Amino acid sequence: MTMNMSSEMPRGGTLCLSHPELTIGGTASKIKTAAPNGLGVDYAINGYIYNVLDTVGDRTVTAAAVQAELTSCIYLVTLNTAGTLATVKGTAVLTADHTAGKKSLQWPQPAANTCPIGAIKVVTAADNDFTAGTDDWDDAGSAFTWYDFMAIPTEPITA
Amino acid sequence: MYNLDSEMVRGGTVCLSKAGLAEGTNANTLKTAAPNGAGIDYCIDGIMYHFTDRDNLVMTALAIQPDAYSCLYLVTMNATSLADTVNGLTIVKGTQRLTADVISGRYPLHWPQPSAVTECPIGGFRIDTDGVTFTCGTTDLAAVVAAGTVTYYDLFAVPTAPITS
């Protein structure tokens with residue numbers, strides 16, 4: 001099966017056009033982009049293209065509720081038309097349930113008029129919770145996996 | 001929801017880089033100044049092209065826009081834009097409306113259609129005349145800036161929604 005994008009003229013469109021290379025900020029509770037193109041991220045919202053430069057540096061993430069110990073959770077990273085970064089906390093599940101295949105990790109939904117550019121999966125260990133906006137993105141008691149997007153993947157993360 | 005995984009993607013006419021569209025150095029011209037520092041990647045029917053940033057792009061000659069009107073102009077590139085050292089781009093004039101009618105919400109400004117399916121929209125600009133007229137290809141954009149407003153847009157594709165104010 002093929003989907004012919006030329007059969008009709010594309011209109012609108014919200015997606016990330018550059019590899020943002022999301023990574024931990026110089027201040028470890030923040031994040032930053034380090035695009036391999038050397039300059040920054042081009043992204044589209046409703047058909048309009050915007051750009052944020054890597055030189056903006058550290059970006060504050062959205063303060064979120066605490067993620068309990070022994071859970072897994074996805075934090076979606078988005079940009080708006082002004083280039084402001086925000087994170088959206090997904091639904092945390094017990095890591096044991098996730099690895100057993102009982103529960104998958106669903107990608108959170110972005111706010112309206114924002115473009116998903118990546119995500120971070122956080123897996124907390126015993127006796128260690130995680131709070132986005134407060135804790136470091138290399139917290140010793142948690143494991144972090146970074147994702148860069150063109151668009152939110154279709155499938156959730158399964159064990 | 002448009003699921004790109006459900007079927008293999010074929011074709012596609014979209015701009016993949018922010019063009020950084022702006023007024024050119026010479027009168028009656030535009031330029032591109034992509035923030036990536038190299039130029040614009042865009043594709044037409046699935047085939048990708050690159051346009052190196054260039055100044056003094058000649059603007060398409062179009063009909064006059066009277067004083068006190070607002071209008072959207074769509075800027076497109078085609079497969080031979082890079083090789084065309086004079087023009088490099090095509091401009092399409094939209095439907096002009098009295099600025100007062102746009103501001104009051106009586107009429108929105110609709111984005112024009114590209115002139116052909118072989119043209120890729122890479123940006124556009126809005127002209128609000130206020131004490132001047134504007135003729136694309138003849139009137140220097142600086143003259144509009146002095147008496148009116150020029151607003152530039154960089155596009156991935158033509159926006160779905162018109163501009164309503």
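Strands (E, at least two residues) and helices (H or I, at least four) are DSSP runs, numbered from the N terminus. This is a predicted model, in which local features need pLDDT of at least 70, side-chain atom pairs count only at pLDDT 80 or more, and totals for chains, interfaces and linings use all residues. Residues are numbered from 1 along each chain as its sequence is written, while chains are lettered from A and ligands numbered from 1 in the order in which they are written.

View 1. Ile117(A) lies in strand β10 of chain A. A residue is buried if 20 or more other C-beta atoms lie within 10 Å of its own, exposed if 12 or fewer, and partly exposed in between; C-beta atoms are placed from the backbone. Ile117(A) is buried because 27 other C-beta atoms lie within 10 Å. Two residues are in contact if their C-beta atoms, placed from the backbone, lie within 7 Å. Setting aside neighbours within four places in sequence, the contacts of Ile117(A) include Cys16(A), Pro20(A), Val41(A) and Tyr43(A). Val77(A), Thr78(A), Leu79(A) and Phe149(A) are also among them. Glu21(A) is 96 residues away along the chain, yet its C-alpha atom is 9.3 Å from that of Ile117(A).

**View 2. Chain A as a whole.** Chain A has 1 helix and 11 strands. From the N terminus, the order is β-β-β-β-β-β-β-β-β-α-β-β. The radius of gyration of chain A is 16 Å, close to the 15 Å that the globule rule gives for 159 residues, so the chain is as compact as a globular protein of that length. That radius is taken over C-alpha atoms, and the rule is 2.2 Å times the number of residues to the power 0.38. The C-alpha trace spans about 55 × 40 × 25 Å along its principal axes. Of the 159 residues in chain A, 36% are buried. Among contacts between residues at least 6 apart in sequence, 65% join residues at least 24 apart.

**View 3. Two asparagines with positive phi.** Most residues other than glycine have a negative phi. Asn113(A) has a phi near 60 degrees. Asn113(A) sits in the loop between α1 (95–99) and β10 (115–124) of chain A. Is Asn113(A) buried or exposed? Asn113(A) counts as exposed, because it has 11 C-beta neighbours inside 10 Å. In chain B, Asn28(B) has a phi near 65 degrees. The loop holding Asn28(B) runs between β3 (22–23) and β4 (29–31) of chain B. Asn28(B) counts as buried, with 20 C-beta neighbours inside 10 Å.

**View 4. The open sheet of chain B.** Two strands pair if DSSP finds at least two bridges between them. In chain B, 3 strands form an open antiparallel sheet in the order β2-β5-β6. Its edge strands are β2 (14–15) and β6 (47–52), each pairing on one side only. Antiparallel strands β2(B) and β5(B) are joined by 2 bridges. Cys15(B) stands opposite Tyr42(B) in β5(B). Tyr42(B) in turn stands opposite Tyr49(B) in β6(B).

**View 5. The β5–β6 hairpin of chain B.** Strand β5 (residues 39–44) runs antiparallel to β6(B), with 6 bridges joining them. Ile44(B) has Ile47(B) as its bridge partner in β6(B). The hairpin has 2 residues between its strands. In the turn, Asp45(B) has a positive phi of about 50 degrees.

**Confidence.** pLDDT is the predictor's confidence in each residue, from 0 to 100. Chain B averages 92, and 95% of its residues score at least 70. The predictor gives the complex an ipTM of 0.80 and a pTM of 0.86.
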